Amino acid sequence: MNKPLVGAFLAALLLGAGVAPVVAAEPAQQAQESASKAGPAAKAVTFAGTVALSNCSGSVVRSPDSAPTDPALVLSNGHCLESGFPGPGEVVVDQPSSRTFTLLNASGDGVGTLKASKIAYGTMTDTDLSLYETTSTYQQIEDSYGIRALELETAHPTAGTAITVASGYWKRTYSCDIDGFVHQLKEGRWTWKDSVRYTPECQTIGGTSGSPVIDDATGKVVAVNNTGNESGQECTDNNPCEVDENGEVTVREGINYAQQTCNMVPCIGAGSKIDLDREGCGLPKP
């Protein structure tokens, strides 16, 4: 995973104790150097609507059918949940949460704090995402901060599309193209399906987990950033491998990935309620 961060002091203690790098913090200087290699972001994409979590990135998102009076949803990764990584086959639904998110404006400045009322959905099975329901409506956020939620794309993304990964945690963007799609992406105990593969320019790092992947042309969210192969190992933590329809395994060191979100959109019903039985909903059930 593009590992979540736990704070410099705690990370130093964990590293000293030999904890696996999946929870290790990356120094800010290294993060800045890594981000600078990604090149400039598309001018049309800003930080407006993105959020910073305590250990990851995220964004305020809405479906095309969301009403202004619906509770706002925050999208991030399943591995960014405060309760820890969901196990294979585990699906979290309607769990109370009081987590807070720092809302960013177009320039990346924090303009307010949003609060969760619950984890509406979270999993690391087939995909790696979490959706938090907040105590604010979309209209309240727009009235208070002048910021509109990012709209979720309903169609499957397309190879060759120019994209921007916008990290609210680092307040940095990474620009590249969608290189293609992965039948199965395996990392440690987890398997994800139809994952988005970036071209090499998107060198995402720890803390970018949960960042929205935005189509530069439309400004819509097509995926959520989640992992990359760091050291060329095969199918281990922080080193996902690609498995095709014939079972052939490919390792791409230095390449990063995201989980598409179009299969999530049909699951969002009236009032921002997650209904896994809705027609077209492609999310795993408990």
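**Briefing: aromatic pairs, strand pairing and a buried threonine**

At 24% relative accessibility, tyrosine 169 counts as partly exposed (20% to 50% relative accessible area; buried is under 20%, exposed over 50%; 1.4 Å probe, protein chains only). The model is predicted: local features need pLDDT of at least 70, side-chain atom pairs count only at pLDDT 80 or more, and totals for chains, interfaces and linings use all residues. Residues are numbered from 1 along each chain as its sequence is written, and side-chain values use heavy atoms, without hydrogens and water.

**Aromatic pairs**
- The whole structure holds 3 aromatic pairs (Phe, Tyr or Trp six-membered ring centres within 6.5 Å; planes under 30 degrees apart are stacked, over 60 edge-to-face, the rest tilted).
- Phenylalanine 101 and tyrosine 132 are edge-to-face, because their planes stand at 65°, with centres 5.2 Å apart.
- This pair ties together strands β5 and β7, at positions 31 residues apart in sequence (strands are DSSP E runs of at least two residues, numbered from the N terminus).
- Both residues, phenylalanine 101 and tyrosine 132, are buried.
- Tyrosine 169 and tryptophan 170 are also edge-to-face, with centres 5.2 Å apart and planes at 75°.
- Tryptophan 170 is buried at 16%.

**Strand β13**
- Strand β13 (residues 221-228) has 8 of 8 residues buried, so it is largely enclosed by the rest of the structure.
- β13 pairs antiparallel with β16 over 5 bridges (pairing needs at least two DSSP bridges).
- Asparagine 225 stands opposite alanine 258 in β16.
- β12 joins β13 antiparallel through 3 bridges, with valine 213 opposite alanine 223.

**Threonine 164**
- Threonine 164 sits in strand β9 and is buried at 0%.
- Its side chain makes a polar contact of 3.4 Å with that of serine 175 (N or O atoms within 3.5 Å; within protein, one able to donate a hydrogen and the other to accept it; sequence-adjacent residues count only if both atoms are side-chain atoms).

Technical notes: Helix = DSSP H or I, 4+ residues; strand = E, 2+ residues; numbered from the N terminus.
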